[in-house]
Amino acid sequence: MAMAALRREGRRFAPLISPRPITAFRSSPLAPTREAEGPIGVRYISTQVVRNRMKSVKNIQKITKAMKMVAASKLRAIQTKAENSRGLWQPFTALLGDTPSVDVKKNVIVTVSSDKGLCGGINSTSVKISKALHKLNSGPENETKYVILGEKAKAQLVRDSKKDIELIITELQKNPLSYTQVSVLADDILKNVEFDALRIVFNKFHSVVSFLPTVSTVLSPEIVEREAEAGGKLGDLDSYEIEGGETKGEILQNLTEFQFSCVMFNSVLENACSEQGARMSAMDSSSRNAGDMLDRLTLTYNRTRQASITTELIEIISGASALEG
């Protein structure tokens with residue numbers, strides 16, 4: 001009776017005891033390994049985490065290197081267009097001038113930015129200059145509005161100056177940039193926005209690691225005629241002889257529209273070059289940082305692995321010494 005009751009109690013408490021049988025310390029070569037027969041130890045988990053982190057850093061480094069190569073190929077294609085477009089607006093600047101200090105009542109700030117990120121601080125720079133121009137030209141009798149080109153400037157200006165935004169244009173670089181495409185956008189801006197002065201804010205491309213924030217000013221025909229009558233830089237317009245049946249006002253209207261489309265075309269190309277150059281620099285820095293992080297993780301992994309092996313050897317030697325003693 002007592003033995004039967006003991007066997008019943010043993011069966012009750014059997015699940016609470018480790019299900020693995022007790023084996024000898026010296027296991028045979030056919031015995032299951034430590035990782036297969038039991039839960040993974042803390043040291044193994046730490047090395048596994050480091051190994052996973054190393055793998056993710058390697059993948060990120062591959063992506064940043066590929067993005068740098070893509071940006072370099074795009075930069076070569078756009079840079080030629082940008083250099084050729086500089087000859088379009090320079091004659092207009094020589095004829096009509098570029099007078100950023102002219103005092104007008106209706107200012108429109110055209111902020112050119114990119115649709116994608118990972119290109120350094122070119123978009124933040126354009127937005128800061130646009131806000132400074134807005135603050136400088138604002139007043140009780142003056143009106144200043146925004147025209148935004150690009151998602152990144154939109155995301156920053158909508159938070160602070162949503163009521164002052166007149167027009168937003170995005171996905172400008174979805175297709176290869178051409179003068180026809182930009183001239184249609186310039187025509188839409190001229191039709192939908194009333195202005196005395198258009199101030200285009202963009203980043204002028206100098207090199208892969210250098211760009212210059214620039215502001216170009218395009219005046220309305222009325223302001224151009226007013227400044228020409230007042231003399232100064234625009235006073236030489238009266239020295240030109242007008243041929244055909246068009247009046248001076250009509251000619252100034254056509255010149256202003258053509259000047260704005262040419263300046264817009266150049267500014268969009270210059271900003272696209274600056275974007276790709278900044279993205280190349282950013283991706284190069286990211287690749288180098290990923291390499292440095294990978295070196296540190298490799299060192300950490302090797303140290304952790306060596307410490308784990310050393311601990312295992314110490315345990316084996318201690319166990320053997322205990323059995324012999």
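A search of the whole predicted structure finds 2 aromatic pairs. Rings of Phe, Tyr and Trp (its six-membered ring) pair if their centres lie within 6.5 Å; planes under 30 degrees apart count as stacked, over 60 as edge-to-face and the rest as tilted. Y179 and F258 form an edge-to-face pair, 6.5 Å centre to centre with 90° between the planes. This pair links distant parts of the chain: Y179 lies in helix α6 (residues 179-192) and F258 in helix α8, 79 residues apart. Helices (H or I, at least four residues) and strands (E, at least two) are DSSP runs, numbered from the N terminus.

Y179 also pairs with F265. Their ring centres are 5.6 Å apart and their planes stand at 85°, so this pair is edge-to-face. It too links distant parts of the chain, with Y179 in α6 and F265 in α8, 86 residues apart. Y179, F258 and F265 form one aromatic cluster.

Burial was assigned from relative accessible area: buried means under 20%, exposed over 50%, and partly exposed in between (1.4 Å probe, protein chains only). Y179 is partly exposed at 28%. F258 is partly exposed at 39%. F265 is buried, at 9%.

Helix α8 spans residues 248-324 and also holds I309. I309 is partly exposed, with a relative accessible area of 40%. Together with L313, I316 and I317, I309 makes a nonpolar surface patch of about 380 Å². Patches are made of residues with over 30% relative accessible area and no salt bridge; like charges are joined within 9 Å, nonpolar side chains (Val, Leu, Ile, Met, Phe, Trp, Tyr) within 5 Å. A salt bridge is a side-chain nitrogen of Lys or Arg within 4 Å of a carboxyl oxygen of Asp or Glu. Accessible areas come from the Shrake-Rupley method with a 1.4 Å probe; for residues, only the protein chains shown count as cover.

Helix α5 (residues 151-161) has the buried residues A153, Q156, L157 and S161. They lie on the same side of α5, because they cover an arc of only 95° around the axis. The arc is that of the directions from the helix axis to the C-beta atoms. Their cover includes β1 (106-112), α4 (122-137), β2 (143-149) and β3 (165-169), with contact meaning heavy atoms within 4.5 Å.

Residues are numbered from 1 along each chain as its sequence is written, and side-chain values use heavy atoms, leaving out hydrogens and water. In this predicted model, local features need pLDDT of at least 70 and side-chain atom pairs count only at pLDDT 80 or more, while totals for chains, interfaces and linings use all residues.
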